[in-house]
Amino acid sequence: DDVKKSLSLKFDKKIPAGTLISAIIPSSAGIRLPDIGVMIKTMSKYSVGGDFLLGIVYPLTFAYIQPVGSLTNSTSISFMPGKAGVENNVLIAFVPSMDMLVGEKVTIRLPGFSGENVPERTDFLPPQGSLGQYSWNNVLKELNLFVVSFVGQGTPLNASLALILPAHGVRTNQQSISIATNSFQGAVQEISFAV
């Protein structure tokens, strides 16, 4: 949003010029990253400055900020025909808030699901999109989707494959299903998403 937000630090002793200052803000302080993450393209809007006894340091952009990606609470999974214990067409959809580059990977953990082990990167059957290759590890219950062409931020992505649903079914808000990505433009650590 357009509201300027700032974090103020106060020093209780003199700090010599040229001293590297590091501050760790615990999550208990209630500061949250933006829902859309922190993208390389938007890093110039973050700055540091100060009002010191010997003068004002006008805001300067940071030399480096670790990118943090986001799937903007868009991740969904659906099943057809939606029957437990049998093979279903599993459709996974999400919208990355960051660009995704060729070779990057999206990992989805699906505990209790099963299917034929596909250990190597394998092409999806046509029509192919930006997520044109996948692998499935039936031991880890892990689906890996590989980016095969550039994906601009905000581009809806989806992938579909056949897997056997758990015999006990899949519950609404089941927290064991998760997604992560290694995107250079902003990684997303493993997070659960609601069914």
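The legends below describe close-up views of a predicted model. Local features need pLDDT of at least 70, side-chain atom pairs count only at pLDDT 80 or more, and totals for chains, interfaces and linings use all residues. Residues are numbered from 1 along each chain as its sequence is written, and side-chain values use heavy atoms, with hydrogens and water left out.

**View A. The three-stranded sheet, β3-β4-β9.** The strands of this open sheet pair in the antiparallel sense. β3 (76-80) and β9 (157-164) are the edge strands; each has a single partner strand, so one side of each is left without a neighbour in the sheet. From one strand to the next, the twist averages 20 degrees. Axes are lines fitted to C-alpha atoms, and angles run from 0 to 180 degrees between N-to-C directions. Five bridges join β3 to β4 (residues 87-94). M80 has N89 in β4 as its bridge partner. Strands are DSSP runs (E, at least two residues), numbered from the N terminus, and two of them pair if DSSP finds at least two bridges between them.

**View B. The six-stranded sheet, β6-β7-β8-β5-β10-β11.** This sheet is also described as open, with antiparallel pairing. β6 (118-123) and β11 (188-192) stand at its edges with a single partner strand each, so one side of each has no neighbour in the sheet. The twist from one strand to the next averages 15 degrees. Within the sheet, β5 (residues 105-109) and β10 (residues 178-181) run antiparallel and are joined by four bridges. R109 stands opposite S178 in β10.

**View C. Salt bridges around R109.** R109, E142 and E190 are linked in a network of salt bridges; a salt bridge is a side-chain nitrogen of Lys or Arg within 4 Å of a carboxyl oxygen of Asp or Glu. The count by this rule is two. Between E142 and R109, the closest N and O atoms are 2.3 Å apart. This pair links distant parts of the chain, with E142 in β8 (residues 142-147) and R109 in β5, 33 residues apart. The other bridge joins E190 to R109 at 3.1 Å, N to O. Here E190 lies in β11 and R109 in β5, 81 residues apart. E142 counts as buried because its relative accessibility is 12%, where buried means under 20% relative accessible area, exposed over 50%, and partly exposed in between (1.4 Å probe, protein chains only). R109 is partly exposed at 31%, and E190 is partly exposed at 45%.

**View D. A nonpolar surface patch.** Twelve residues are not all labelled here; among the members of the patch are L7, F11, I25, V48, F52, L60 and F62. The accessible area of the whole patch is about 1100 Å², from the Shrake-Rupley method with a 1.4 Å probe. Patch residues have over 30% relative accessible area and no salt bridge, and nonpolar side chains (Val, Leu, Ile, Met, Phe, Trp, Tyr) are joined within 5 Å. β1 (47-52) and β2 (55-61) are the elements that give two or more residues to the patch. F62 lies in the loop between β2 and β3 and is partly exposed, with 42% relative accessibility.

**View E. The surroundings of T75.** T75 is placed in the loop between β2 and β3. T75 is buried, at 13% relative accessible area. Leaving out residues up to four places away in sequence, T75 touches A93, F94, I179, F193 and A194; contact means heavy atoms within 4.5 Å.

Terms used: Patches are made of residues with over 30% relative accessible area and no salt bridge: like charges are joined within 9 Å, nonpolar side chains (Val, Leu, Ile, Met, Phe, Trp, Tyr) within 5 Å.
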